[in-house]
Structures are given as C-alpha cells and as structure tokens.
Amino acid sequence: MSANIDVKLLSGLRDQIRAITPVLPDKAVVTVGQYALDTLNESEKLTEVDIYTLLRVLHRKDLQHRTVELDPEHSLQMDTMYEPHYWFDLGSYLEGVNMEGILGNLFYDYHKEILSISNISEGATAGILPEIHRHFMGKEKSTLGVCVFPSMAHSGDALYNAFSAVGRIRRDASTPLILVDQGKLEDYDGVHRDGDVLKGIDVLDYIIELLLDKEGFIRDLNKLSTSYNIELFSVLMASGCSMDIYESFRNILEITLEQPLMDFDITTAKMIYVLVKAPLKFRDELQKGQLEYEVSTWLQESIGIDIPQICESLFVDEFGDRLDVVILAGGYDSKEKFTIVHKRIERFSKMNLDQGLVKTEDWEEIKKVMLG
C-alpha cells in the first residue's frame with residue numbers, strides 16, 4: 001500500500017512540475033516586410049506558443065496607416081530617413097547598426113528551425129533578408145525561406161530587388177528558397193478543406209500552415225536541399241479536392257499541374273517533395289509506400305520523368321473526403337526564367353552601377369549565380 005502511495009505521489013509531483021516548467025519553442029516563423037504583415041495573423045498553428053515563435057521584421061514606415069499591433073520583444077523595426085526603394089538603399093542602415101547583436105536579441109539558441117516569409121520586391125525586404133539568413137547560417141540553424149517573387153507584369157524596380165535578393169542568398173548558400181510568383185498567387189482559384197473559396201494571400205497562409213503541420217518539415221527540406229544540392233523550390237498545389245468528385249488520387253495529382261505557383265519546367269527538376277493531408281479514413285490507401293508508387297507512376301506516365309520523390313502524409317481526424325496536396329519541385333533549371341528577368345532589369349542595374357550605388361564585383365557575382 002505504501003509503495004502504491006509513493007508511486008502515485010511521485011507521479012503527481014512529476015505532472016505538476018511539467019505543468020509549471022516553461023517549454024521553450026524550438027521553431028520560429030519570421031515574416032519580413034510589409035506584404036508579409038498580412039500573413040499568419042489568424043494562424044491557429046502559431047498560437048501554440050510552446051512550439052512556434054512568430055516574429056516580425058519590417059521597416060517602421062510599413063506601419064503607416066496600419067492598425068497592426070506588434071510585440072516589441074518579437075519584432076524588429078528598421079528606421080531610415082527615407083523608405084528604401086531599392087535593396088541597396090538599406091546599406092547605410094545595415095552599416096550603422098550591430099546587426100548580429102540585433103538579430104541575436106530576436107532569435108535565440110533554442111530556435112533550431114526557422115522559416116522566413118517575405119515579398120522580395122520590396123526594397124527594405126530585399127535589403128535585409130539575405131543578412132538575416134546569413135546570420136542564421138552562422139548559427140547553424142535549419143532554415144527555409146518562402147519568397148513571393150514579382151511577376152513579369154510588375155515594375156522593373158520590383159524585379160530588380162527580387163533578382164538581387166535571390167542572387168545574394170544563393171551566393172551565400174545560406175538557405176534553400178521556395179519561390180512563389182505573386183501574380184499566380186493572387187490569381188489562384190481554389191477551395192479550402194471546409195469548402196470555402198481559397199484565393200489571394202490566403203493561399204500563402206494555407207500553404208504555410210499545411211507545411212508547418214508536418215513535424216520537422218523545415219529541418220527535413222533543409223537537409224534534402226543539401227543532399228541534392230538544391231537551392232530553389234517551386235510549388236504545385238491542389239487544395240480541398242474531394243475524392244468523391246475526382247474519383248482517384250491520380251486525378252488530384254493531375255490537378256496540381258493546372259495552376260502552378262511559378263513558371264518552371266518540372267521536367268528539369270532534380271527531385272520533388274509531396275505532402276498530402278487527408279482524413280483518417282484514407283490512411284490505408286495513402287500510406288507512404290502507396291503514395292510513392294502513385295507519385296512515381298504519375299511522374300513517368302503524365303510528365304515523362306523519373307526522379308527521386310519524398311512523399312509524406314498527414315492524417316486528420318475529421319469527416320469529409322477532401323485532400324490537400326502540395327508538391328515542391330526542387331533543383332529545376334531556372335536559367336531561362338532569370339535570363340528573361342535580367343533583360344527587364346538591365347537598365348536599372350547599369351544605372352545603379354554607373355552611379356556607384358552597387359559595386360561592380362558584387363553585381364557580377366549576383367549575375368553569375370543567377371544566370372549560370
């Protein structure tokens with residue numbers, strides 16, 4: 001009897017200690033810039049404060065005419081006399097502050113996995129994002145960047161900022177990037193798991209939440225990018241697809257090709273990562289081995305390629321028959337895409353070089369990385 005009481009007492013004490021012991025979140029999501037301020041504001045995932053820290057990095061002028069409330073302990077507000085138009089306009093700010101110290105006070109040692117979300121057409125964002133990821137690299141974090149890239153319908157200034165930001169991150173080899181075309185993102189027409197319409201920036205929230213649902217996703221994709229020497233990924237997605245309507249998982253895979261979130265040639269990809277979210281009732285037919293078979297057959301028969309694929313499934317205890325499928329194609333040939341972008345921005349780059357605003361050797365390195 002005494003032994004049983006002791007066991008119960010120890011068990012109760014252990015439960016109480018667990019209840020009062022703070023759990024430090026080992027993952028962080030950081031949004032950079034004005035556009036990304038509208039993301040993840042209502043994320044249920046990021047309310048789990050013992051798992052994720054939501055951080056904001058922005059220029060102080062991004063808050064003009066906005067009612068967003070930011071926690072000063074979880075945000076960095078840059079301040080310059082004029083709002084940066086180009087990425088290099090942030091140079092004087094970066095030179096005048098201890099960026100290592102500032103970022104060290106925002107991101108902690110216990111943040112092992114970090115995801116950044118940004119629109120790199122913005123001057124301040126394009127200026128600071130490579131610095132942030134260079135800092136993470138020095139701290140040996142597992143990182144991933146999701147970057148909204150301007151479409152060809154956007155201004156040459158926006159394309160110049162984005163081209164430069166991606167080039168500097170690739171030059172540093174600081175993190176893999178998932179690129180999403182802003183025009184295609186805002187034109188995407190899909191369905192939420194609950195049947196509601198899914199459009200615009202809500203699509204970005206939807207993708208991020210889905211990826212974060214997979215435990216260890218940031219770490220795993222970071223490792224895969226190193227193993228396969230992949231710098232860039234792009235997204236194919238089918239959201240809220242009813243198995244009753246589409247009849248088979250293969251048909252849903254076909255749907256992902258209809259609204260790619262970036263113009264890229266999937267036949268040149270080195271590998272793909274496939275994440276499927278489905279109700280529990282599909283767990284027998286959508287296990288990892290079956291997924292890999294279905295995806296491999298689809299790649300060979302519909303697209304004509306045979307490349308490595310990593311397939312993961314998430315099963316949720318819910319009614320209905322709706323599936324979400326996100327495909328990340330990595331290591332595709334981006335030279336043609338960035339060559340077209342470079343032709344649009346040549347005038348801007350030459351002007352900035354002539355004015356001495358950008359060092360020739362820096363720009364040549366960026367071009368070399370982006371154009372091959």
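**A lysine and the sheet around it**

Modeller: Let's start with Lys277, which counts as buried at 15% relative accessibility. Here buried means under 20% relative accessible area, exposed means over 50%, and partly exposed is in between, using a 1.4 Å probe and protein chains only. Before going on: this is a predicted model, in which local features need pLDDT of at least 70 and side-chain atom pairs count only at pLDDT 80 or more, while totals for chains, interfaces and linings use all residues. Residues are numbered from 1 along each chain as its sequence is written, and side-chain values use heavy atoms, with hydrogens and water left out.

Lys277 sits in strand β10. Helices (H or I, at least four residues) and strands (E, at least two) are DSSP runs, numbered from the N terminus. If you set aside the neighbours within four places in sequence, Lys277 is in contact (heavy atoms within 4.5 Å) with Arg193, Leu210, Asp213, Leu314, Val316, Arg322, Leu323 and Asp324. Val295 is 18 residues away from Lys277 in sequence, and their C-alpha atoms are 15 Å apart.

Now step back to the sheet. It is an open one of ten strands with mixed pairing, in the order β3-β2-β1-β4-β5-β6-β9-β12-β10-β11. Two strands pair if DSSP finds at least two bridges between them. At the edges are β3 and β11 (309–316), each with a single partner strand, so one side of each has no neighbour in the sheet. From one strand to the next, the twist averages 20°; angles run from 0 to 180 degrees between N-to-C directions, and axes are lines fitted to C-alpha atoms, for helices over the stretch in contact.

Follow the order from the β3 end. Strand β3 (residues 75–78) pairs with β2 in the parallel sense over four bridges, and Gln77 in β3 is the bridge partner of Leu58. Strand β2 (residues 52–59) is mostly covered, with seven of its eight residues buried. Next comes β1 (residues 27–32), joined to β2 by six bridges and running parallel to it; Val32 stands opposite Val57 in β2. Another six bridges join β1 to β4 (residues 113–119), again in parallel, and here Thr31 faces Ile117 of β4.

What lies on this sheet? Helix α4 (residues 123–138) packs there, touching β1, β2, β3, β4 and β5 (142–149), and its direction makes about 170° with that of β4. Helix α8 (residues 217–227) lies across β4, β5, β6 (177–181), β9 (232–242), β10 (271–279), β11 and β12 (322–330), running at about 85° to β5. That list takes in β10, the strand that holds Lys277. Most residues other than glycine have a negative phi. At 59% relative accessibility, Asn229 counts as exposed.

Finally, the cysteines: a search of the whole structure finds zero disulfides, a disulfide being a pair of cysteine sulfur atoms within 2.5 Å. For Cys311, the nearest cysteine sulfur is that of Cys241, 17 Å away. Cys311 is buried at 0% relative accessibility, and Cys147 is buried too, at 1%.
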